[in-house]
Protein chains: 2
Amino acid sequence: MPEVIAGIAPLRKRLALVRGRGASIGLVPTMGALHAGHAKLLNTARQENDMLIASVFVNPIQFDRPEDLENYPRTMEADLRLCETSGVDLVFAPAASDLYPREQLTFVESPLLSARLCGAHRPGHFRGVATVVLKLFNIVQPDRAYFGEKDAQQLAVIRRMVEDFNLPVTVVPVATVREEDGLALSSRNKHLTREQRTVAPVLSRALRLAADRIERGERCVESVRSQSLASFAPYPEARVEYFELVDPETLQPMERIDGPVLIAAAMWLGPTRLIDNVLWP
Amino acid sequence: MPEVIAGIAPLRKRLALVRGRGASIGLVPTMGALHAGHAKLLNTARQENDMLIASVFVNPIQFDRPEDLENYPRTMEADLRLCETSGVDLVFAPAASDLYPREQLTFVESPLLSARLCGAHRPGHFRGVATVVLKLFNIVQPDRAYFGEKDAQQLAVIRRMVEDFNLPVTVVPVATVREEDGLALSSRNKHLTREQRTVAPVLSRALRLAADRIERGERCVESVRSQSLASFAPYPEARVEYFELVDPETLQPMERIDGPVLIAAAMWLGPTRLIDNVLWP
């Protein structure tokens with residue numbers, strides 16, 4: 001099993017030695033409940049760094065609803081096994097009292113990037129994400145940090161944070177891992193009933209359809225959008241929260257497609273919320 | 001004259017060599033217009049670090065009024081001479097386009113700490129200050145950074161940012177430098193007319209008076225405050241913007257003095273705004 005460290009001071013001490021040897025450090029920040037998507041992050045990072053660190057921390061300040069924080073799956077033993085088979089050297093697993101020893105009064109805010117898509121439905125979420133990621137970066141001081149493309153808005157917020165704050169870390173995006181029928185891997189998929197599971201791939205199909213239309217020359221966003229939304233019509237149990245075409249860097253809406261476009265969507269199946277996205281081209 | 005570097009990439013390259021030798025780095029962030037208060041920051045930092053860096057950058061995003069940014073004094077030649085006599089090894093003097101190559105979308109926010117005192121009268125100011133200081137910290141990666149106690153709210157915001165973001169830097173506060181009559185040094189003092197200059201020390205006298213009352217046992221904030229405010233009555237040209245007694249860490253108001261207290265005030269003399277503070281005990 002990989003070494004597990006909970007405290008910030010012992011971790012810093014350990015990593016100072018590693019850096020002193022000139023070894024490169026890769027960080028994969030996670031909230032645990034690891035699946036094959038995380039394994040891909042870890043395997044990618046394993047190949048590019050001398051030392052591989054995974055953090056496992058369910059970050060309270062990014063939950064807008066207390067029951068979501070409480071119900072978030074905690075599977076540390078299985079997570080450690082997956083870390084071991086993925087070649088993780090060290091797991092940083094702090095308690096909430098380690099990362100937030102007293103009230104957090106300082107936050108990372110990116111109002112423009114957080115206003116739309118998931119941010120519109122989860123007030124304070126990206127503030128919490130960016131703040132904890134900045135804390136992890138400052139504690140671990142990795143050379144590279146790995147984030148999944150599935151969480152496209154999170155990735156955009158963090159990439160821009162690194163650039164805007166001149167952080168000495170390279171953000172490496174890792175492609176979404178999908179089931180054979182296209183469903184993006186997520187720790188939430190296990191909450192789906194068998195019937196919801198058969199409906200779930202409509203999300204990636206609708207995104208793929210939008211990308212195909214653009215590929216074939218369609219440039220009107222509203223036309224692409226309405227055609228994709230029609231894909232959901234046969235599945236009344238699928239409630240689309242948003243389906244948007246935005247600038248991949250600023251996440252702002254566009255009317256005409258005249259450059260790269262991020263097609264991003266969120267959908268509810270019963271109490272479970274699924275997100276996915278496709279970047280074109 | 002000290003070496004001057006404007007670009008981020010050459011600075012990082014230079015400092016990587018310095019750190020590689022195991023040398024400690026001290027940073028004094030300034031907006032230029034250096035005076036004896038800055039000299040004290042530099043002299044303190046000089047004694048505690050192998051390499052001393054001063055940054056000179058008039059930070060556009062901390063000005064709430066465009067005319068203040070435009071009128072802010074730029075005295076680079078004199079600043080460089082003062083840096084030389086203070087033993088500065090390297091001056092980092094970026095252009096706005098170096099630190100803000102495109103629109104800044106990510107900010108440091110500390111709503112609780114910024115709501116009162118100067119923050120109440122300068123919307124966005126401490127967001128701009130904290131953001132640029134974080135950027136400078138990430139570019140220079142100093143072991144220690146030095147800030148004057150005169151800007152008490154700025155110091156509180158930055159200290160808490162360092163703690164809340166787990167930044168690997170030690171913030172060193174440096175005592176306010178005063179004229180013989182008690183007036184705190186400020187680049188704004190040169191804007192005072194001769195008559196305003198004779199009135200100006202009322203600010204530090206009123207603060208001192210408050211500290212003396214507390215020292216002699218007064219514990220009621222409103223009583224301390226009203227007695228100090230009476231000091232300004234003989235000087236109708238002095239307009240008090242605020243005179244507050246707050247918790248030194250959270251900057252929140254108190255009713256009874258039952259621990260350390262920051263007594264902070266701002267006063268206008270004509271178009272010139274002066275601030276000062278006293279920490280008790």
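Predicted model: local features only at pLDDT ≥ 70, side-chain atom pairs only at ≥ 80, totals over all residues.
In it, local features need pLDDT of at least 70 and side-chain atom pairs count only at pLDDT 80 or more, while totals for chains, interfaces and linings use all residues. Residues are numbered from 1 along each chain as its sequence is written, and chains are lettered from A in the order in which they are written.

**Stop 1: the two domains**

Select residues 3–174 of chain A for domain 1, then 189–280 for domain 2; such bounds come from an automatic or database domain assignment. The centres of the two domains of chain A, taken over C-alpha atoms, are separated by 27 Å. Where they touch, domain 1 of chain A gives 10 residues and domain 2 of chain A gives 13 residues. Contact here requires C-beta atoms, placed from the backbone, to lie within 7 Å. On the domain 1 side, α6 (111–114), α7 (117–121) and α9 (152–164) of chain A each supply at least two residues. Helices (H or I, at least four residues) and strands (E, at least two) are DSSP runs, numbered from the N terminus.

**Stop 2: the sheet**

Now show the strands of chain A in the order β1-β4-β3-β2-β6-β7, an open sheet of 6 strands with parallel pairing. Strands pair if DSSP finds at least two bridges between them. Which strands stand at the edges? They are β1 (3–5) and β7 (170–174) of chain A; each has a single partner strand, so one side of each has no neighbour in the sheet. From one strand to the next, the twist averages 25 degrees.

Select β6 (residues 144–148) of chain A next: this strand pairs with β7(A) in the parallel sense over 5 bridges. A:Arg144 is found opposite A:Thr170 of β7(A).

**Stop 3: a helix pair**

Move to α11 (residues 202–215) and α12 (residues 221–229) of chain A, which pack at an angle of about 145 degrees with axes 9 Å apart. Residues of α11(A) to display are A:Ala206, A:Leu209, A:Ala210, A:Arg213 and A:Ile214, which meet A:Val224, A:Gln227 and A:Ser228 in α12(A).

**Stop 4: where the chains meet**

Bring in chain B: 21 of its residues are in contact with 21 residues of chain A. On the chain B side, β5 (107–109), α6 (111–114), α8 (125–140) and α9 (152–164) each supply at least two residues. The largest share, 4 residues, comes from α8(B).

Zoom in on β5 (residues 107–109) of chain A, which pairs with β5(B) in the antiparallel sense over 3 bridges. There A:Glu109 is opposite B:Phe107.

**Stop 5: the axis**

How is chain B placed on chain A? A rotation of 180 degrees with 0.0 Å of shift along its axis superposes chain B on chain A (RMSD 0.0 Å). The two copies are thus related as by a two-fold rotation axis. The superposition is by least squares on the C-alpha atoms of residues with pLDDT of at least 70 in both copies. Finish by selecting B:Val108, the residue of chain B that comes closest to the rotation axis, at 2.5 Å (C-alpha).

Key: Axes fitted to C-alpha atoms, helices over the stretch in contact; angles between N-to-C directions. Contact = placed C-beta atoms within 7 Å.
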